[in-house]
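Biologist: I have the model open and want to go through it with you. Can we take it piece by piece?
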Amino acid sequence: MSHCKRSTGAATGLPAGALLAVLLAAFPAAPLMAQSSAQSSAQSSAQPQGRDSEPAFARQAGAIADLAPSFTPPLPPSLNFYGSPGLMDMPSGETLPDGQFTTGIGYFGGQLRYTMSFQALPWVSASFRYNGIRDLNLYGFSTYYDRSFDARFRLHRETRRWPEITLGLQDFAGTGIYSAEYIAATKNFVTPGWGRAALPGRLKLTAGLGWGRLGSYNSIGSTFGARPPYDPSGTGGQLAFDQWFRGPVAPFGGIEWQPDDRWGLKLEYSSDAYVTETRTSNVFERRSPFNFGIEYQATPRTRLGAYYMYGSEFGLTAQIQLNPKNTPAKLRVPAPQPVHVRPPAAGNPVVWGTEWADYPDAPVRLSGQLSALLADEGVVVESLRVDAHTAELRIRNLQYHSHALAIGRAARAMARALPASVETFHIVPLSGGMALSRATLRRSDLEALEFDGDAAAALLAVTGFSDAPPLSPAATPMPGLYPDKSWSLAPYFQPSYFDPSVPFRLDVGLDLRGTWRPAPGWIVSGLLRQRLAGNVKDGRASTSVLPHVRTDAVKYAQYGTTMQNLFTAYQWRPGRDLYGRVTLGYLEQMYAGLSGELLWKPVSSRLALGVEANYVRQRDYDQRLDLLDYSVVTGHVSAYYEFGPGLIAQVDVGRYLAGDVGATFAIDRVFDNGWSVGGFFTKTDVSAAEFGEGSFDKGIRFSIPLTWFLGTESRQSVGTTIRPITRDGGARLNVPGRLYGQVRDAHYKALSGQWARAWE
Amino acid sequence: MRRGAVLGESGLARIPALMPALGLVLALAGCSGGNDRPAANVQLMAAVRSGVAARAAGRGAPEAMTRARLDALGPGPFLEATREKTGQTAYLFVNAERPDRGGGAVTVWRTEDAVTLALRGGVLIATRGLGGDVLSTEMQPPPSGRPGPAAGGQRVQHIRDSDDGVVPLALACAAAEIGPETLDILGRRYPTRHLRERCEGGGGIVINDYWIDSPPGPGGGAVRQSRQWGGPYVGYLRLRRLTD
């Protein structure tokens, strides 16, 4: 089945935070990849330079180092203990670059905060935080762990006169221990050079007003009446509209001075009195409102900081900032063979003749040649239909995350292998035997445009994209492709997050996967898992009042040798713009049954509609062949819509695993290179009390293509879905091979965004 | 980070207990068969292993090219290319040649390890296989297809960026004669004229140097040697025509 990027279930995937923090932060510092080592080390040794949009900073830096234009992005704003752009405990008015994906880890005075943030739009960012407060000794926990969400909105962009202004909502939906609102403004100034390099430095002045936690010290007044108190007994999860911008308001501010591109000094005045931590409890002693810090940019993506906080505590931060648009290792693809140009038709009647088409063995011979040419490129030829003037090639793209590149390579192979009279090339990418779309190119255009000044745009303008027609009976299938067997033995890492007593648990072991494809569209696949070590099995037992459709994970984790899935599926094209799938068997760790899906998605449409219906029974905890008594009919009607800068909105309405009825709303930012980051929430007819902690199901998800950090081509990606808490309401089935992700990858929006790669 | 201090009683403290199992997993990982590409974890492990192996092996310095070795390679034109960023040198053969509008030609040079450079009349217009490549270049063709750049005008490099797209980089260029120079390339002497091109744009300055056969000779001459900028990622390339 294809590697559907959107199908990552809660159970699968790598331990997100740990993996990313270690792996990605380590890459620029200690390049492991042979091919990428040159670029990576060059990056880490080079001083980050400004781009042309940056003021005098960049140009003067260039005068000393290298005069040539640079695409290295300027140093992003530094992060505070909450993982937001800011000073130490206080936020600033700065905004991160569009798409920035950050991880901030901060520790001081017995408090650890671990925050992931994403700049979803140039003016909107969202964060998810996990924090631990040691010795709080409140609410029945000695160490108090909590999760929280933040949102930040840029109100005004920095101009020559005016500062950047940001409005922030901190911990706006959790149980609320960190809840605060603020408006902060920051202005940048260029300072004279300092030290050996003598490059200009930067001074940032920040001032702001805070409410809630940030309005608790030396408040200057109060707005909109009294603020309702923090209620630890609540289930949390609801938006705390009734608190926002209410109660005491206090000013805060600070200075950050970056004398060069490596070092930073910070000074702030904090308006957070730490009432709960220092008065109600005794986590640390707050002696002063002033905090001091020094930071060092260790690698282009990692910044480290040390601080003296509140006159009594030392603190540390590690800030890791990635941007999907800036790879740690530039992707290297072996150069293609230049397009083979035909001799002119005039004077070459033999070359341009069409008699070859009358030979019955011509298609077999030609498809064999194409297959041989493309085998080295990681493209499998499935079938060829060819006549004197037109050819249609169906391909399976095994290697390239971009179908555009596979289409380009196929077109070059066709220009090399096919007789001169074939002028029209149709190329159809397949996924699991199902035709996804059809790109139509004129051979003369390929020949004429290869060295055109703007080859990518020129080729896009003359390429047609359309629905792939049914396979012609005249097509010659490539012999020997079916039946097809594959297997792999791979390690797995299964994390379990946020148990209040042990916030991070992990199982590791081996996965043995076998796949058999008897015919195009058909697949039989199974996954056996052997745990080698881990502690997920020691987790909390479920106390849910709903049917235990997801909360019995600990019961499932008791068994070391399990069958994760074993199913057969068929996917096909029921009609124009329609895609279908039927899956039968042990679908996932917890459910077995029958699943059917139908998707409507015209090639050039931003809108897709889908319907999925499943009848499943819960599997026995040992995950062998037995089933439990619980069964349910679950299914959804889905709408997907692509808009703006790579946003995909998805709404699913239907019946969930516990029999509850409701809707899921999701939004993902998808980049042309395959990165995606998004969030979702589900509201059903289960009440907040029945649901339990969190009130309703919600979470964040991300997926990073391996290509992005390996610098070599791959269709695989790593990623995960993180829920603050997994409960039984609003829970969905994890069916392998859902259609939308497979289909969207090869449709107009995705292909046109990556079309430059057709020439690569 | 004193992370363990905060989560002392928690799961992270138990991670070391997983280490033996993790070691076994790493040792066993990465087996697969059949047409499908391996799973993500297998690819990650393989990349780490090959990276470690490459680092252990180190980068051997290439043997210096001599006229005798060159003759042993056989007939046909060869181009020597050195990437200044990495100091790596490669020898390229002609992969394809295309007649161009205005009587010139586009020549695609290729290395053994699948890197290509496309030159229009000796001026770099595209690279492939280096990472962060120049996908294409809009430029003024030199009059009557003579080698080297046009006297001046706008040039736009289309640079492959990390989000699978292209970023156009517009440069305003002007070329000036420096004067005649005689080059010595592996023991052969070539009379040339030195042409220097200065381009501004994208917040920086690019200097390209060309040494063009002078007099042109019977074949119309060629850019004998050059130092050209291949975009912000590839950087400067030094090119020498070793044989015709």
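Biologist: Among contacts in chain A between residues at least 6 apart in sequence, what percentage join residues at least 24 apart?

Modeller: That share is 60%. Keep in mind that this is a predicted model.

Biologist: How many helices and strands does chain A have?

Modeller: Chain A has 13 helices and 33 strands. Of its 760 residues, 54% are buried.

Biologist: Which domains does the assignment give for chain A?

Modeller: Domain 1 is made of 5-15, 483-517 and 521-751. Domain 2 covers 75-322, and domain 3 covers 355-480.

Biologist: How many residues are in contact between domain 1 and domain 3 of chain A?

Modeller: On the domain 1 side there are 25 residues, in contact with 18 residues of domain 3 of chain A.

Biologist: Which elements give two or more residues to the domain 1 side?

Modeller: Those are strand S24 (561-575), helix H12 (739-744) and helix H13 (748-753) of chain A. S24(A) gives the most, with three residues. By class, that side of domain 1 has 10 nonpolar, nine polar and six charged residues.

Biologist: Moving on to cores. Which residues touch the most other members of the largest nonpolar core?

Modeller: That core has 150 residues, and the ones touching the most other members are Leu370(A), Leu393(A), Ile395(A), Ala410(A), Ala411(A), Met414(A) and Ile427(A). H6(A) supplies the largest share of this core, 10 residues.

Biologist: What does Met414(A) touch, not counting residues up to four places away in sequence?

Modeller: Met414(A) touches Leu370(A), Ala391(A), Leu393(A) and Phe425(A).

Biologist: What span should helix H6 of chain A have at 1.5 Å a residue?

Modeller: The 15 residues, 403-417, should span 21 Å, and the end C-alpha atoms are 21 Å apart, which agrees.

Biologist: Now H8. Which residues of that helix in chain A are buried?

Modeller: In H8 of chain A, residues 455-462, Ala455(A), Ala456(A) and Leu459(A) are buried. Seen down the axis of H8(A), the buried residues fall within an arc of 100°, so they line one face of the helix. An α-helix has 3.6 residues a turn, so residues three or four places apart point the same way.

Biologist: What covers the buried residues of H8(A)?

Modeller: The cover includes helix H7 (443-449) of chain A, along with strands S7 (134-138), S8 (152-160) and S9 (166-185) of chain B.

Biologist: Backbone next. Is the peptide bond from Tyr482(A) to Pro483(A) cis or trans?

Modeller: The bond is cis, with omega near -5°. Pro483(A) sits in the loop between strand S20 (476-477) and strand S21 (484-497) of chain A. In chain B, a cis peptide bond also joins Ser214(B) and Pro215(B), where omega is about 5°.

Biologist: What is phi of Tyr274(A)?

Modeller: Phi is near 50°, a positive value in a residue other than glycine. Tyr274(A) lies in the loop between strand S10 (263-269) and helix H4 (275-280) of chain A.

Biologist: Is Tyr274(A) buried or exposed?

Modeller: Buried: it has 21 other C-beta atoms within 10 Å, and the cut-off for buried is 20 or more.

Biologist: Last one, Phe314(A). Is that buried or exposed?

Modeller: Phe314(A) counts as exposed, because it has 12 C-beta neighbours inside 10 Å. Phe314(A) is in strand S13 (residues 313-322) of chain A.

Biologist: What is Phe314(A) in contact with, leaving aside its neighbours within four places in sequence?

Modeller: Phe108(A), Tyr307(A) and Tyr308(A). The C-alpha atoms of Phe314(A) and Gly109(A) are separated by 7.1 Å, with the two residues 205 residues apart along the chain.

Note on methods:
Residues numbered from 1 in each chain as written. Chains lettered and ligands numbered in written order. Predicted model: local features only at pLDDT ≥ 70, side-chain atom pairs only at ≥ 80, totals over all residues. Helix = DSSP H or I, 4+ residues; strand = E, 2+ residues; numbered from the N terminus. Contact = placed C-beta atoms within 7 Å. Expected span 1.5 Å × (residues − 1). Domains from an automatic or database assignment. Nonpolar A, V, L, I, M, F, W, Y, C, P; charged D, E, K, R; others polar. Core = buried A, V, L, I, M, F, W, Y, C linked by C-beta atoms within 7 Å. Arc of directions from axis to C-beta.
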